[in-house]
Amino acid sequence: MKIAVLGASGYIGGRLIPELLTAGHSVVALSRDPAKLEEYPWRAEVEIRRADLLDPASLPPAIAGCDAVYYLVHSLGERGFDQREAAAARHLADATAASDVGQIVYLGGLGDGDLSRHLRSRQEVGRILADGPVPVTELRAAVIIGSGSLSFEMIRYLAEVLPVMTTPKWVQTRCQPLAIADVLAYLIGVLGRPEAYDRILEVGGADVLTYEGMMQGYAQEAGLRRRLIISIPFLPLELSAWWVQFVTPLSGDIARQLVSSLQTEVVADTAEIERLLPSVRPVGYRTAISRAIRSTQGADVPTRWTPTSWDPSDPLPSDPDYAFGTIFTDVREVETTASPEDVAWAFMGVGGGRGYYSAAWAWKIRGLIDQLFGGAGLRRGRRHPDQLRPGEALDFWRVVGIDPGRALRLRAEMSVPGKAWLEWEVSPTASGSKLVQTATYVPRGLWGRLYWFAMTPFHAIVFPQMVRGIASAAEMRLTSDQPA
(Lines give C-alpha, C1' and ligand atoms only; values in the text may rest on other atoms or scores of the structure.)
Protein backbone atom coordinates (compact mmCIF):
# COMPACT_ATOMS: atom_id res chain seq x y z
CA MET A 1 0.00 0.00 0.00
CA LYS A 2 0.98 3.62 -0.41
CA ILE A 3 0.73 5.22 3.02
CA ALA A 4 0.74 8.91 3.96
CA VAL A 5 1.99 9.78 7.43
CA LEU A 6 0.86 13.10 8.89
CA GLY A 7 3.21 14.02 11.69
CA ALA A 8 6.23 12.32 10.13
CA SER A 9 8.67 14.42 12.16
CA GLY A 10 6.85 13.72 15.44
CA TYR A 11 7.58 11.19 18.15
CA ILE A 12 5.26 8.46 16.85
CA GLY A 13 5.45 9.24 13.13
CA GLY A 14 9.24 9.21 13.01
CA ARG A 15 9.26 5.69 14.49
CA LEU A 16 6.29 4.37 12.53
CA ILE A 17 7.79 5.11 9.11
CA PRO A 18 10.66 2.57 9.40
CA GLU A 19 8.14 -0.06 10.51
CA LEU A 20 5.94 0.64 7.49
CA LEU A 21 8.95 0.37 5.18
CA THR A 22 9.97 -2.93 6.79
CA ALA A 23 6.42 -4.21 6.21
CA GLY A 24 6.82 -3.49 2.50
CA HIS A 25 4.70 -0.37 2.18
CA SER A 26 5.49 2.73 0.16
CA VAL A 27 5.55 5.80 2.41
CA VAL A 28 4.77 9.46 1.79
CA ALA A 29 6.09 11.52 4.70
CA LEU A 30 4.06 14.69 5.22
CA SER A 31 5.26 17.80 7.02
CA ARG A 32 4.43 21.49 6.95
CA ASP A 33 8.19 22.04 6.65
CA PRO A 34 9.84 19.24 4.62
CA ALA A 35 13.31 20.48 5.62
CA LYS A 36 12.64 19.04 9.09
CA LEU A 37 12.77 15.53 7.60
CA GLU A 38 16.11 15.80 5.80
CA GLU A 39 18.21 14.37 8.64
CA TYR A 40 16.10 11.27 9.34
CA PRO A 41 17.83 7.97 8.46
CA TRP A 42 14.85 6.82 6.36
CA ARG A 43 14.84 10.01 4.26
CA ALA A 44 16.10 8.34 1.07
CA GLU A 45 13.44 5.60 1.22
CA VAL A 46 10.34 7.79 1.33
CA GLU A 47 8.66 10.46 -0.72
CA ILE A 48 8.38 13.78 1.11
CA ARG A 49 5.51 16.17 0.47
CA ARG A 50 4.44 19.40 2.11
CA ALA A 51 1.15 19.30 4.03
CA ASP A 52 -0.11 21.97 6.41
CA LEU A 53 -3.34 20.93 8.10
CA LEU A 54 -4.27 24.57 8.62
CA ASP A 55 -3.80 25.25 4.89
CA PRO A 56 -6.61 23.19 3.25
CA ALA A 57 -5.25 23.78 -0.28
CA SER A 58 -2.04 21.92 0.59
CA LEU A 59 -3.81 18.66 1.51
CA PRO A 60 -5.28 17.23 -1.75
CA PRO A 61 -1.90 17.11 -3.55
CA ALA A 62 -0.24 15.82 -0.37
CA ILE A 63 -2.47 12.73 -0.10
CA ALA A 64 -2.96 12.16 -3.84
CA GLY A 65 -2.52 8.50 -4.79
CA CYS A 66 -2.33 7.29 -1.18
CA ASP A 67 -4.32 4.28 0.04
CA ALA A 68 -4.35 5.24 3.72
CA VAL A 69 -3.40 8.14 6.00
CA TYR A 70 -1.98 8.01 9.51
CA TYR A 71 -3.10 11.03 11.54
CA LEU A 72 -0.43 11.50 14.21
CA VAL A 73 -0.54 15.26 14.71
CA HIS A 74 -0.96 16.85 18.13
CA SER A 75 -0.91 20.52 19.16
CA LEU A 76 -0.63 20.30 22.96
CA GLY A 77 1.15 23.38 24.25
CA GLU A 78 0.08 25.73 21.45
CA ARG A 79 -2.27 28.59 22.22
CA GLY A 80 -5.83 27.68 21.30
CA PHE A 81 -4.72 24.12 20.58
CA ASP A 82 -8.21 22.62 20.73
CA GLN A 83 -9.59 24.97 18.05
CA ARG A 84 -6.53 24.34 15.89
CA GLU A 85 -6.89 20.56 16.25
CA ALA A 86 -10.58 20.65 15.35
CA ALA A 87 -9.92 22.79 12.27
CA ALA A 88 -7.07 20.52 11.18
CA ALA A 89 -9.26 17.41 11.47
CA ARG A 90 -12.06 19.02 9.42
CA HIS A 91 -9.59 20.01 6.71
CA LEU A 92 -8.26 16.46 6.38
CA ALA A 93 -11.75 14.95 6.40
CA ASP A 94 -12.76 17.32 3.58
CA ALA A 95 -9.58 16.63 1.59
CA THR A 96 -10.12 12.86 1.64
CA ALA A 97 -13.60 13.18 0.09
CA ALA A 98 -12.26 13.29 -3.47
CA SER A 99 -9.16 11.16 -2.89
CA ASP A 100 -8.14 7.50 -3.18
CA VAL A 101 -7.71 7.21 0.59
CA GLY A 102 -9.55 4.18 1.93
CA GLN A 103 -8.68 4.43 5.63
CA ILE A 104 -7.57 6.97 8.22
CA VAL A 105 -5.73 5.61 11.26
CA TYR A 106 -5.80 8.03 14.19
CA LEU A 107 -4.04 7.72 17.54
CA GLY A 108 -6.17 9.40 20.21
CA GLY A 109 -6.50 9.38 23.98
CA LEU A 110 -8.38 7.30 26.53
CA GLY A 111 -10.81 8.68 29.07
CA ASP A 112 -14.51 8.85 29.99
CA GLY A 113 -16.71 11.26 31.91
CA ASP A 114 -15.59 14.75 32.86
CA LEU A 115 -12.51 15.03 30.64
CA SER A 116 -9.79 17.66 30.64
CA ARG A 117 -9.54 20.13 27.77
CA HIS A 118 -6.65 18.09 26.40
CA LEU A 119 -8.48 14.76 26.38
CA ARG A 120 -11.70 16.32 25.08
CA SER A 121 -9.75 17.72 22.15
CA ARG A 122 -8.18 14.34 21.42
CA GLN A 123 -11.57 12.65 21.26
CA GLU A 124 -13.19 15.51 19.34
CA VAL A 125 -10.58 15.08 16.60
CA GLY A 126 -11.57 11.43 16.30
CA ARG A 127 -15.25 12.35 16.06
CA ILE A 128 -14.61 14.94 13.33
CA LEU A 129 -12.54 12.49 11.30
CA ALA A 130 -15.23 9.80 11.69
CA ASP A 131 -17.88 12.21 10.39
CA GLY A 132 -15.99 12.40 7.10
CA PRO A 133 -16.44 10.08 4.10
CA VAL A 134 -13.45 7.80 4.76
CA PRO A 135 -13.49 4.92 7.28
CA VAL A 136 -11.56 5.78 10.43
CA THR A 137 -9.79 3.48 12.85
CA GLU A 138 -9.21 5.32 16.12
CA LEU A 139 -6.81 3.78 18.61
CA ARG A 140 -7.16 5.24 22.10
CA ALA A 141 -4.15 4.92 24.36
CA ALA A 142 -3.12 6.14 27.80
CA VAL A 143 0.50 7.15 28.42
CA ILE A 144 3.15 5.87 26.02
CA ILE A 145 6.47 4.69 27.45
CA GLY A 146 9.57 4.86 25.30
CA SER A 147 12.88 6.68 25.19
CA GLY A 148 12.11 10.33 24.58
CA SER A 149 8.34 10.08 25.09
CA LEU A 150 6.55 12.81 27.05
CA SER A 151 5.34 10.40 29.73
CA PHE A 152 8.71 8.72 30.15
CA GLU A 153 10.51 12.08 30.42
CA MET A 154 8.06 13.35 33.04
CA ILE A 155 8.26 10.17 35.15
CA ARG A 156 12.04 10.05 34.80
CA TYR A 157 12.60 13.58 36.05
CA LEU A 158 10.10 13.32 38.88
CA ALA A 159 11.69 10.10 40.12
CA GLU A 160 15.32 11.14 39.68
CA VAL A 161 15.18 14.71 40.94
CA LEU A 162 12.97 14.27 44.00
CA PRO A 163 13.74 11.45 46.49
CA VAL A 164 10.90 12.82 48.66
CA MET A 165 7.76 14.08 46.93
CA THR A 166 4.78 15.94 48.33
CA THR A 167 2.23 15.14 45.67
CA PRO A 168 -1.35 15.97 44.64
CA LYS A 169 -4.10 13.36 44.57
CA TRP A 170 -3.58 12.55 40.88
CA VAL A 171 -0.61 10.33 41.75
CA GLN A 172 -3.22 7.80 42.91
CA THR A 173 -5.09 7.87 39.57
CA ARG A 174 -5.00 4.53 37.75
CA CYS A 175 -3.37 4.31 34.34
CA GLN A 176 -2.53 1.60 31.79
CA PRO A 177 0.80 2.59 30.19
CA LEU A 178 1.77 1.12 26.82
CA ALA A 179 5.27 0.55 25.40
CA ILE A 180 6.10 2.44 22.20
CA ALA A 181 6.90 -0.84 20.42
CA ASP A 182 3.38 -2.11 21.15
CA VAL A 183 1.82 1.17 19.98
CA LEU A 184 3.61 0.74 16.65
CA ALA A 185 2.50 -2.90 16.43
CA TYR A 186 -1.14 -1.88 16.87
CA LEU A 187 -0.86 0.96 14.36
CA ILE A 188 0.59 -1.40 11.76
CA GLY A 189 -1.83 -4.20 12.65
CA VAL A 190 -5.03 -2.28 11.94
CA LEU A 191 -3.83 -0.99 8.56
CA GLY A 192 -5.95 -2.27 5.69
CA ARG A 193 -8.16 -4.39 7.98
CA PRO A 194 -11.85 -3.85 7.05
CA GLU A 195 -12.92 -5.23 10.42
CA ALA A 196 -11.08 -2.28 12.00
CA TYR A 197 -12.88 0.33 9.90
CA ASP A 198 -15.16 2.79 11.68
CA ARG A 199 -14.06 1.47 15.06
CA ILE A 200 -12.76 2.95 18.29
CA LEU A 201 -10.29 0.47 19.74
CA GLU A 202 -8.80 0.93 23.20
CA VAL A 203 -5.21 -0.20 23.68
CA GLY A 204 -3.12 -0.61 26.82
CA GLY A 205 -0.16 -2.45 28.27
CA ALA A 206 -0.11 -5.53 30.46
CA ASP A 207 -0.24 -3.59 33.76
CA VAL A 208 -2.68 -1.20 35.41
CA LEU A 209 -1.06 0.93 38.12
CA THR A 210 -1.12 4.40 39.63
CA TYR A 211 1.22 7.24 38.71
CA GLU A 212 2.86 6.70 42.09
CA GLY A 213 3.43 3.08 41.12
CA MET A 214 4.90 4.22 37.81
CA MET A 215 7.38 6.52 39.57
CA GLN A 216 8.36 3.81 42.04
CA GLY A 217 8.74 1.35 39.17
CA TYR A 218 11.05 3.73 37.36
CA ALA A 219 13.14 4.24 40.49
CA GLN A 220 13.60 0.49 40.88
CA GLU A 221 14.50 -0.10 37.23
CA ALA A 222 16.95 2.83 37.32
CA GLY A 223 18.64 1.53 40.45
CA LEU A 224 17.40 4.38 42.67
CA ARG A 225 16.23 4.08 46.24
CA ARG A 226 12.49 3.84 46.73
CA ARG A 227 10.90 7.30 46.68
CA LEU A 228 8.98 8.63 49.68
CA ILE A 229 5.69 10.00 48.33
CA ILE A 230 3.38 12.01 50.60
CA SER A 231 0.00 12.76 49.03
CA ILE A 232 -1.83 16.04 49.74
CA PRO A 233 -5.42 15.61 48.44
CA PHE A 234 -6.22 19.33 48.20
CA LEU A 235 -3.09 20.59 46.43
CA PRO A 236 -4.38 23.19 43.89
CA LEU A 237 -4.07 22.41 40.19
CA GLU A 238 -1.97 25.51 39.47
CA LEU A 239 0.51 24.68 42.22
CA SER A 240 0.68 21.07 41.07
CA ALA A 241 1.34 22.18 37.48
CA TRP A 242 4.05 24.61 38.62
CA TRP A 243 5.70 21.79 40.56
CA VAL A 244 5.70 19.54 37.46
CA GLN A 245 7.03 22.22 35.10
CA PHE A 246 9.77 23.20 37.57
CA VAL A 247 11.06 19.64 38.03
CA THR A 248 10.54 18.24 34.52
CA PRO A 249 11.32 19.48 30.97
CA LEU A 250 7.68 20.52 30.43
CA SER A 251 6.80 24.18 30.01
CA GLY A 252 4.16 25.78 32.22
CA ASP A 253 1.39 25.70 29.58
CA ILE A 254 1.96 22.03 28.78
CA ALA A 255 2.28 21.09 32.45
CA ARG A 256 -1.10 22.67 33.23
CA GLN A 257 -2.85 20.79 30.42
CA LEU A 258 -1.15 17.53 31.26
CA VAL A 259 -1.76 17.69 35.02
CA SER A 260 -5.42 18.39 34.33
CA SER A 261 -5.52 15.19 32.23
CA LEU A 262 -3.71 13.11 34.85
CA GLN A 263 -6.73 13.38 37.13
CA THR A 264 -8.74 11.18 34.72
CA GLU A 265 -8.50 7.41 35.07
CA VAL A 266 -7.29 5.94 31.78
CA VAL A 267 -7.73 2.16 31.82
CA ALA A 268 -8.40 0.42 28.52
CA ASP A 269 -11.04 -2.15 27.64
CA THR A 270 -8.77 -4.25 25.44
CA ALA A 271 -11.21 -7.07 24.57
CA GLU A 272 -11.87 -5.81 21.03
CA ILE A 273 -8.24 -5.17 20.07
CA GLU A 274 -7.23 -8.55 21.50
CA ARG A 275 -9.79 -10.30 19.28
CA LEU A 276 -8.67 -8.31 16.25
CA LEU A 277 -4.90 -8.59 16.81
CA PRO A 278 -4.24 -11.60 19.06
CA SER A 279 -0.59 -11.77 17.96
CA VAL A 280 0.24 -8.45 19.67
CA ARG A 281 1.13 -9.23 23.28
CA PRO A 282 1.84 -5.93 25.11
CA VAL A 283 4.68 -5.98 27.61
CA GLY A 284 4.41 -4.85 31.22
CA TYR A 285 5.35 -1.44 32.54
CA ARG A 286 8.68 -2.47 34.06
CA THR A 287 9.80 -4.00 30.76
CA ALA A 288 8.82 -0.86 28.88
CA ILE A 289 10.69 1.34 31.37
CA SER A 290 13.77 -0.88 31.26
CA ARG A 291 13.88 -0.68 27.47
CA ALA A 292 13.51 3.11 27.55
CA ILE A 293 16.29 3.50 30.11
CA ARG A 294 18.68 1.35 28.06
CA SER A 295 17.91 3.29 24.88
CA THR A 296 18.42 6.63 26.63
CA GLN A 297 21.71 5.56 28.17
CA GLY A 298 22.95 4.30 24.80
CA ALA A 299 21.86 7.50 22.98
CA ASP A 300 19.56 5.30 20.88
CA VAL A 301 16.66 7.75 20.73
CA PRO A 302 15.39 7.89 17.13
CA THR A 303 12.67 10.44 17.95
CA ARG A 304 11.91 12.60 20.94
CA TRP A 305 8.77 14.33 22.06
CA THR A 306 8.95 18.12 22.05
CA PRO A 307 6.19 20.73 21.87
CA THR A 308 5.29 21.90 18.38
CA SER A 309 5.83 25.61 18.95
CA TRP A 310 8.35 26.00 16.14
CA ASP A 311 6.93 26.88 12.77
CA PRO A 312 8.83 27.50 9.51
CA SER A 313 6.95 30.76 9.17
CA ASP A 314 8.41 32.14 12.41
CA PRO A 315 10.38 35.31 11.67
CA LEU A 316 14.13 35.56 11.47
CA PRO A 317 16.13 38.73 12.21
CA SER A 318 16.84 39.17 8.50
CA ASP A 319 13.13 39.34 7.59
CA PRO A 320 11.72 42.66 6.29
CA ASP A 321 9.53 43.16 9.37
CA TYR A 322 12.68 43.79 11.35
CA ALA A 323 14.43 45.95 8.77
CA PHE A 324 13.65 49.24 10.54
CA GLY A 325 13.40 47.92 14.07
CA THR A 326 15.94 47.64 16.85
CA ILE A 327 18.33 44.72 16.52
CA PHE A 328 21.09 44.01 19.03
CA THR A 329 23.94 41.70 18.04
CA ASP A 330 27.02 40.25 19.67
CA VAL A 331 29.51 38.94 17.11
CA ARG A 332 32.64 37.00 18.07
CA GLU A 333 35.28 35.54 15.76
CA VAL A 334 38.16 33.19 16.34
CA GLU A 335 40.67 31.47 14.05
CA THR A 336 41.82 27.94 14.79
CA THR A 337 44.10 25.27 13.38
CA ALA A 338 41.21 22.81 13.48
CA SER A 339 39.45 21.89 10.27
CA PRO A 340 35.95 23.19 9.46
CA GLU A 341 34.65 19.65 9.96
CA ASP A 342 36.04 19.49 13.52
CA VAL A 343 34.72 22.96 14.37
CA ALA A 344 31.28 22.02 13.04
CA TRP A 345 31.37 18.85 15.14
CA ALA A 346 32.04 20.98 18.22
CA PHE A 347 29.21 23.47 17.78
CA MET A 348 26.79 20.77 16.62
CA GLY A 349 27.31 19.17 20.05
CA VAL A 350 26.45 22.27 22.05
CA GLY A 351 24.02 22.01 24.97
CA GLY A 352 22.74 18.92 26.74
CA GLY A 353 25.39 17.06 28.71
CA ARG A 354 28.25 18.81 26.88
CA GLY A 355 27.09 22.27 27.89
CA TYR A 356 27.97 25.57 26.26
CA TYR A 357 31.76 25.57 26.50
CA SER A 358 31.62 28.51 28.93
CA ALA A 359 30.54 29.58 32.43
CA ALA A 360 28.44 26.52 33.24
CA TRP A 361 27.19 28.27 36.39
CA ALA A 362 25.72 31.13 34.35
CA TRP A 363 23.82 28.78 32.05
CA LYS A 364 22.45 26.84 35.02
CA ILE A 365 21.23 30.05 36.67
CA ARG A 366 19.61 31.17 33.39
CA GLY A 367 17.90 27.78 33.14
CA LEU A 368 16.51 28.04 36.69
CA ILE A 369 15.24 31.56 36.01
CA ASP A 370 13.52 30.30 32.88
CA GLN A 371 11.81 27.53 34.84
CA LEU A 372 10.61 30.01 37.48
CA PHE A 373 8.89 32.01 34.73
CA GLY A 374 7.20 28.95 33.22
CA GLY A 375 9.82 27.93 30.64
CA ALA A 376 11.45 24.55 30.13
CA GLY A 377 14.90 25.63 31.33
CA LEU A 378 17.76 23.33 30.45
CA ARG A 379 15.87 20.13 31.30
CA ARG A 380 14.84 19.28 27.74
CA GLY A 381 18.46 18.48 26.92
CA ARG A 382 19.27 16.85 23.58
CA ARG A 383 17.92 13.85 21.72
CA HIS A 384 21.46 12.71 20.71
CA PRO A 385 24.90 13.89 21.93
CA ASP A 386 26.20 14.69 18.43
CA GLN A 387 23.28 14.76 15.98
CA LEU A 388 20.71 17.53 15.48
CA ARG A 389 17.67 17.83 13.23
CA PRO A 390 15.83 20.97 12.08
CA GLY A 391 12.85 21.69 14.29
CA GLU A 392 13.90 19.72 17.36
CA ALA A 393 14.40 21.12 20.84
CA LEU A 394 17.80 21.64 22.44
CA ASP A 395 17.55 22.78 26.07
CA PHE A 396 15.66 26.09 25.84
CA TRP A 397 16.50 26.51 22.14
CA ARG A 398 14.92 25.27 18.93
CA VAL A 399 17.03 24.19 15.94
CA VAL A 400 15.86 26.39 13.06
CA GLY A 401 18.67 25.97 10.56
CA ILE A 402 21.45 23.52 9.75
CA ASP A 403 23.98 23.75 6.94
CA PRO A 404 25.87 20.44 7.44
CA GLY A 405 29.54 20.98 8.14
CA ARG A 406 29.16 24.76 7.93
CA ALA A 407 26.51 26.43 10.11
CA LEU A 408 23.95 26.01 12.89
CA ARG A 409 21.19 28.43 13.93
CA LEU A 410 19.19 28.18 17.17
CA ARG A 411 16.14 30.21 18.17
CA ALA A 412 15.55 30.94 21.85
CA GLU A 413 12.46 29.46 23.51
CA MET A 414 13.37 30.75 26.95
CA SER A 415 11.26 33.35 28.74
CA VAL A 416 12.62 36.58 27.28
CA PRO A 417 10.97 39.92 26.33
CA GLY A 418 11.75 39.65 22.65
CA LYS A 419 13.13 37.18 20.12
CA ALA A 420 16.67 35.82 20.17
CA TRP A 421 18.89 33.64 18.00
CA LEU A 422 22.33 32.12 18.39
CA GLU A 423 24.29 30.88 15.39
CA TRP A 424 27.70 29.65 14.35
CA GLU A 425 29.31 29.61 10.93
CA VAL A 426 32.69 28.13 10.05
CA SER A 427 34.76 28.75 6.93
CA PRO A 428 38.14 27.35 5.81
CA THR A 429 41.38 29.33 6.03
CA ALA A 430 44.94 28.63 4.90
CA SER A 431 45.89 27.40 8.38
CA GLY A 432 42.63 25.80 9.45
CA SER A 433 39.32 27.62 9.81
CA LYS A 434 37.54 30.70 11.09
CA LEU A 435 34.50 30.49 13.37
CA VAL A 436 31.97 33.32 13.57
CA GLN A 437 29.48 33.28 16.46
CA THR A 438 26.52 35.67 16.32
CA ALA A 439 23.91 36.34 19.00
CA THR A 440 20.95 38.34 17.68
CA TYR A 441 18.20 39.88 19.77
CA VAL A 442 15.08 41.79 18.72
CA PRO A 443 13.59 43.42 21.86
CA ARG A 444 9.90 43.83 22.62
CA GLY A 445 9.13 47.21 24.13
CA LEU A 446 11.01 48.98 26.89
CA TRP A 447 11.48 45.82 29.00
CA GLY A 448 13.06 44.08 26.05
CA ARG A 449 15.66 46.81 25.70
CA LEU A 450 16.36 46.93 29.42
CA TYR A 451 16.79 43.13 29.39
CA TRP A 452 19.53 43.34 26.75
CA PHE A 453 21.46 46.04 28.62
CA ALA A 454 21.11 44.14 31.90
CA MET A 455 22.49 40.99 30.29
CA THR A 456 25.39 42.72 28.50
CA PRO A 457 27.91 42.21 31.37
CA PHE A 458 27.13 38.49 31.37
CA HIS A 459 27.40 38.33 27.58
CA ALA A 460 30.87 39.88 27.88
CA ILE A 461 31.89 36.86 29.96
CA VAL A 462 29.92 34.03 28.33
CA PHE A 463 30.14 34.72 24.60
CA PRO A 464 33.97 35.11 24.27
CA GLN A 465 34.47 31.98 26.38
CA MET A 466 31.97 30.09 24.26
CA VAL A 467 33.55 30.79 20.88
CA ARG A 468 37.04 30.02 22.25
CA GLY A 469 35.73 26.88 23.94
CA ILE A 470 34.26 25.58 20.69
CA ALA A 471 37.57 26.20 18.92
CA SER A 472 39.49 24.46 21.72
CA ALA A 473 37.18 21.44 21.62
CA ALA A 474 37.71 21.20 17.86
CA GLU A 475 41.50 21.39 18.29
CA MET A 476 41.42 18.71 21.01
CA ARG A 477 39.42 16.47 18.68
CA LEU A 478 41.97 17.08 15.94
CA THR A 479 44.80 16.12 18.32
CA SER A 480 43.04 13.01 19.60
CA ASP A 481 42.40 11.85 16.01
CA GLN A 482 46.08 12.02 15.05
CA PRO A 483 47.96 8.69 15.12
CA ALA A 484 50.46 8.17 17.93
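Predicted model: local features only at pLDDT ≥ 70, side-chain atom pairs only at ≥ 80, totals over all residues.
Biologist: How big is the volume of the second largest pocket?

Modeller: The second largest pocket has a volume of about 490 Å³. A pocket here is an open set of points on a 1 Å grid over the protein atoms alone, where a 1.4 Å probe fits, with protein on both sides within 12 Å along at least five of seven lines, and lining residues have an atom within 4 Å of a point. The points are joined across faces, edges and corners, and the volume is the space filled by probe spheres set on them.

Biologist: Which lining residues sit closest to its centre?

Modeller: There are 23 lining residues, and those closest to the centre of the second largest pocket are Arg366, Met414, Tyr451, Met455 and His459.

Biologist: Which element gives the most to that lining?

Modeller: Helix 14 gives the most, with 7 residues. The elements that give two or more residues to this lining are helix 13 (360-372), strand 18 (418-428), strand 19 (433-443) and helix 14 (445-481), where helices (H or I, at least four residues) and strands (E, at least two) are DSSP runs numbered from the N terminus.

Biologist: And how do the lining residues divide by type?

Modeller: For the second largest pocket, the lining divides into 20 nonpolar residues, 2 polar ones and 1 charged one.

Biologist: What about strand 17 and strand 18?

Modeller: Strand 17 and strand 18 also form a hairpin, with 5 residues between them, and they pair in the antiparallel sense over 5 bridges. In strand 18, Trp424 is the bridge partner of Leu408.

Biologist: Is strand 17 mostly covered or mostly uncovered?

Modeller: Strand 17 is mostly covered, since 6 of its 6 residues are buried, meaning under 20% relative accessible area, whereas exposed is over 50% and partly exposed lies in between (1.4 Å probe, protein chains only). Ala407, Arg409 and Arg411 are on one side and Leu408, Leu410 and Ala412 on the other, and both faces are covered.

Biologist: Why does Arg406 count as partly exposed?

Modeller: Arg406 counts as partly exposed because its relative accessibility is 39%. Arg406 lies in the loop between strand 16 and strand 17.

Biologist: What does Arg406 touch?

Modeller: Leaving out residues up to four places away in sequence, Arg406 touches Ala344, Phe347, Trp424, Glu425 and Val426, where contact means heavy atoms within 4.5 Å. Arg406 and Leu435 are 29 residues apart in sequence, and their C-alpha atoms are 9.5 Å apart in space.

Biologist: Where does Tyr357 lie, and what is its phi?

Modeller: Tyr357 lies in the loop between helix 12 (340-348) and helix 13, and its phi is near 60°, a positive value in a residue other than glycine. Tyr357 is buried, with a relative accessible area of 18%. Ala359 lies in that loop between helix 12 and helix 13 as well, has a positive phi of about 30° although it is not a glycine, and is buried at 10%.

Biologist: New topic: what order do the strands of the open sheet take?

Modeller: The open sheet has 7 strands in the order 3-2-1-4-5-6-11, and the pairing is parallel. Its edge strands, strand 3 (47-50) and strand 11 (199-202), each pair on one side only. Strand 2 (residues 26-31) pairs with strand 3 over 4 bridges, and Arg49 in strand 3 is the bridge partner of Leu30.

Biologist: Last one: why is helix 1 called largely enclosed?

Modeller: Helix 1 (residues 13-22) has 7 of its 10 residues buried, so it is largely enclosed by the rest of the structure. Those buried residues pack against strand 1, strand 2, strand 4 and helix 6 (180-189), and among them are Leu16, Ile17 and Leu20. Just after helix 1, Gly24 takes a positive phi of about 95°.

Definitions and conventions:
Residues numbered from 1 in each chain as written. Heavy atoms only, no water. Nonpolar A, V, L, I, M, F, W, Y, C, P; charged D, E, K, R; others polar. Pairing = 2+ DSSP bridges.
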